[in-house]
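The sequence and the structure come before the details.

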Amino acid sequence: AATPLEKPVLIALGALEDAQRWARRRAGTVAFAVAREGRPIRGVAIHRRYPSASVVKAMLALAVLRAAGDRPLTAGERALLRPMIVVSDNDAATAVYASVGAGALYAIARAARMTNFDVGFNWADAQLTAHDQTRLFMRIDRLTPRRHRGYFRHLLASIAPSQRWGIAPVAASRGFQVMFKGGW
């Protein structure tokens with residue numbers, strides 16, 4: 001009988017604790033969260049709220065895709081989503097936010113079971129936690145309409161090289177398909 005293949009893990013046993021120790025000794029304010037299906041979310045300062053920066057753009061894109069539902073995306077929607085996600089274009093994000101509004105972001109936060117999300121005055125003022133962002137990305141396929149899932153996954157996997165820093169290049173070097181949205 002064939003031995004079942006185990007899913008690869010990004011970090012080895014004990015590495016989470018090593019990362020937690022490193023983060024606690026580092027100057028500045030650090031938070032991160034690590035999740036595995038069926039296990040609690042762990043990390044450092046996972047419930048501390050931070051300005052989301054460009055991370056909220058994944059939620060903006062998801063709002064457009066959910067509004068589209070089963071219909072095809074318009075050329076205008078695609079013309080905003082690609083630059084907003086791939087090169088983190090702020091003008092595109094502002095246009096999307098003008099279209100979908102804060103209510104759509106709060107609806108996504110509820111659907112993702114995010115508990116500390118707040119939009120503030122506009123998308124650029126949004127606040128979230130590492131825990132909430134992890135909850136969103138653990139559920140992102142379920143939250144994305146089936147028709148648009150492949151497109152969204154492609155966008156999140158196509159982040160421009162200048163925007164790929166932190167865990168993304170480490171995960172890619174270990175053979176993982178990396179889908180994310182970073183923020184500064």
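Leaving aside its neighbours within four places in sequence, which residues is L105 in contact with? L105 is in contact with V56, M59, L60, Y97, F117 and V119, where contact means heavy atoms within 4.5 Å. The model is predicted: local features need pLDDT of at least 70, side-chain atom pairs count only at pLDDT 80 or more, and totals for chains, interfaces and linings use all residues. Residues are numbered from 1 along each chain as its sequence is written, and side-chain values use heavy atoms, with hydrogens and water left out.

**Overall fold**

- The protein chain has 7 helices and 4 strands, taken as DSSP runs numbered from the N terminus (helices: H or I, at least four residues; strands: E, at least two).
- Along the sequence the pattern is α-β-β-β-α-α-α-β-α-α-α.
- The radius of gyration of the protein chain is 17 Å, close to the 16 Å that the globule rule gives for 184 residues, so the chain is as compact as a globular protein of that length. This radius is taken over C-alpha atoms, and the rule is 2.2 Å times the number of residues to the power 0.38.
- The C-alpha atoms fill a box of roughly 50 × 45 × 30 Å along the principal axes.
- Of the 184 residues, 40% count as buried (buried is under 20% relative accessible area, exposed over 50%, partly exposed in between; 1.4 Å probe, protein chains only).
- Among contacts between residues at least 6 apart in sequence, 60% join residues at least 24 apart.

**Nonpolar cores**

- The largest nonpolar core has 41 residues, and those with the most contacts inside it are M59, L60, L81, M84, L105, F117 and L136. Such a core is a set of buried Ala, Val, Leu, Ile, Met, Phe, Trp, Tyr and Cys residues joined through side-chain atoms within 4.5 Å.
- At least two residues of this core come from each of helix 2 (57-68), helix 3 (75-86), helix 4 (90-111), helix 5 (130-143), helix 6 (146-157) and helix 7 (167-173).
- Helix 2 gives the most to this core, with 8 residues.
- Another core, of 5 residues, lies apart from it and includes L16, A23, V30 and V44.

**Helix 1**

- L16, Q20 and A23 are buried in helix 1 (residues 15-25).
- Seen down the helix axis, the buried residues of helix 1 fall within an arc of 70°, so they line one face; the arc is that of the directions from the axis to the C-beta atoms.
- Strand 1 (32-34) and strand 2 (42-44) are among the elements that cover these buried residues.

**Loop residues**

- T129 sits in the loop between strand 4 (127-128) and helix 5, and counts as buried at 1% relative accessibility.
- The side chain of T129 reaches the backbone oxygen of I46 at 3.5 Å.
- L73, in the loop between helix 2 and helix 3, counts as buried at 10% relative accessibility.
- L73 and R147 are 74 residues apart in sequence and 9.7 Å apart in space, C-alpha to C-alpha.
- Not counting residues up to four places away in sequence, L73 touches V64, L65, A68, R78, L81, H148 and Y151.

**Positive phi**

- Most residues other than glycine have a negative phi.
- A45, in the loop between strand 2 and strand 3 (50-51), has a phi near 50° and is partly exposed at 23% relative accessible area.
- S88, in the loop between helix 3 and helix 4, has a phi near 60° and is buried at 10%.

Methods
Polar contact = N/O pair within 3.5 Å; in protein donor to acceptor, adjacent residues only side chain to side chain.
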